[in-house]
Amino acid sequence: MPTIITTGGASAKGFGFAGLSPAIVNYLVVAGGGGGGVYYGGGGGAGGFRTGTIVASGLYTVTVGAGGNGWGNSIVPTKGFNSVFGSITSNGGGYGGYEDASTGNGAATSGGSGGGGNGNNYTTGAAGNTPSTSPSQGNNGANGVTGSSGGGGGGAGSAGSGKNGGSGASSSITGTSVTYAGGGGAFASGGGGSGGSGGGGGAGTSGTANTGGGGGGFIGNSGNGGSGIVIISSSKPAASTTGSPSVTTSGSNTIYTFTSSGSITF
């Protein structure tokens with residue numbers, strides 16, 4: 001009997017059937033970052049960061065999550081959107097806490113990394129690694145300080161710290177070390193917070209596209225979250241792809257970098 005391999009895509013019969021050998025696949029799945037809040041606004045949390053290795057065979061759907069909206073023109077902030085590779089899902093970053101007379105008020109929300117608290121009434125930072133994964137996909141947002149500053153959004157590498165966004169996490173899946181999923185900085189009296197390494201936006205600044213960085217909170221219009229990314233490093237070339245990923249090589253592996261949604265078949 002051949003071995004049946006199920007890895008989140010289609011099941012495949014391997015080992016014993018010529019031409020159907022599976023691929024060893026390393027993956028990086030980063031979700032979209034959350035938007036920043038307003039009025040001592042908390043920073044947005046980074047998108048979830050998940051990486052690992054699977055034995056892959058068959059078709060896998062790839063979804064690249066968009067960043068969440070920052071507060072602006074009476075638009076309330078939103079969470080980032082999930083990124084997906086087969087059965088692997090990274091959760092969008094939570095938005096920062098906000099307070100606004102025309103749109104109402106909102107506490108920071110949880111996500112891959114949590115949004116930072118507002119620096120007035122909605123001070124509590126939100127939880128990261130939500131839903132829980134092992135290893136953790138992200139960290140908590142920092143609490144705001146009433147009348148002083150919002151809290152920085154959590155990042156994949158560390159929690160938000162005071163008004164500053166948490167640091168991101170690095171990956172060498174492309175052959176070069178790159179940092180992704182930094183938390184957004186918050187608005188603060190006397191100077192805004194900085195975004196975390198890995199694309200987090202500073203106060204009032206959007207997260208960097210295709211990093212999953214959180215948007216920076218502000219007293220007025222705040223930053224949007226950065227979009228996510230999915231990178232797949234395969235021991236053999238894919239049979240086909242959709243979504244127009246860029247294709248490079250690193251050693252003997254073929255690297256597929258998705259900045260928009262599509263699919264890949266091994």
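In what order do the 5 strands of the open sheet that contains E7 and E13 lie? The legends below treat this sheet and other parts of a predicted model.

**Figure 1. An open sheet of 5 strands with antiparallel pairing.** The order of the strands is E7-E6-E5-E16-E13. Strand E7 (88–90) and strand E13 (240–242) form the edges, each pairing on one side only. With direction ignored, neighbouring strands of this sheet are turned by 15 degrees against each other on average.

**Figure 2. Pairing of E5 with E16.** Strand E16 comprises residues 262–265 and runs antiparallel to E5, to which 4 bridges join it. Within this pairing, Leu59 stands opposite Thr265 of E16.

**Figure 3. The hairpin of E14 and E15.** The two strands have 2 residues between them, and Gly251 in the turn adopts a positive phi of about 60 degrees. Strand E15 (residues 253–258) is antiparallel to E14, and 5 bridges join the two. Ser246 has Thr257 of E15 as its bridge partner, while Thr248 has Ile255 of E15.

**Figure 4. The largest nonpolar core, with 18 residues.** Phe85, Ile232, Ile264 and Phe266 have the most contacts inside this core. Two or more residues each are given to the core by strand E3 (23–30), E4, strand E5 (59–63), strand E12 (229–234) and E15. E3 provides the largest share, 4 residues. Another core, of 12 residues, lies apart from this one and includes Leu28, Ile173, Tyr180 and Ala181. In soluble globular proteins, nonpolar side chains tend to be buried together.

**Figure 5. Surroundings of Ile264.** When neighbours within four places in sequence are left aside, the contacts of Ile264 include Gly58, Leu59, Tyr60 and Val62. Phe85 and Ile232 are also in contact with Ile264, and both are among the residues with the most contacts inside the largest nonpolar core. Further contacts of Ile264 are made with Ala238, Ser240, Thr241, Tyr256 and Phe258.

**Figure 6. Gly168 in the loop between strand E9 (104–106) and strand E10 (169–171).** Gly168 has a relative accessible area of 13% and therefore counts as buried, the cut-off being under 20%. Neighbours within four places in sequence aside, Gly168 is in contact with Ala156, Gly157, Thr179, Tyr180, Ala181, Gly182 and Ser197. Tyr180 and Ala181 also belong to the core of 12 residues. Glu99 lies 69 residues from Gly168 along the chain, and the C-alpha atoms of the two are separated by 27 Å.

**Figure 7. The chain as context for the close-up views.** The chain has 16 strands and 0 helices. Its C-alpha trace spans about 70 × 30 × 30 Å along the principal axes. The accessible surface comes to about 9,700 Å², with 51% belonging to carbon and sulfur atoms. Among contacts between residues at least 6 apart in sequence, 55% join residues at least 24 apart.

Definitions and conventions. Residues numbered from 1 in each chain as written. Predicted model: local features only at pLDDT ≥ 70, side-chain atom pairs only at ≥ 80, totals over all residues. Heavy atoms only, no water. Contact = heavy atoms within 4.5 Å. Areas by Shrake-Rupley, 256 points an atom, 1.4 Å probe, with all protein chains shown as cover. Pairing = 2+ DSSP bridges. Buried < 20%, exposed > 50% of the residue type's maximum accessible area, 1.4 Å probe, protein only. Core = buried A, V, L, I, M, F, W, Y, C linked by side-chain atoms within 4.5 Å. Axes fitted to C-alpha atoms, helices over the stretch in contact; angles between N-to-C directions.
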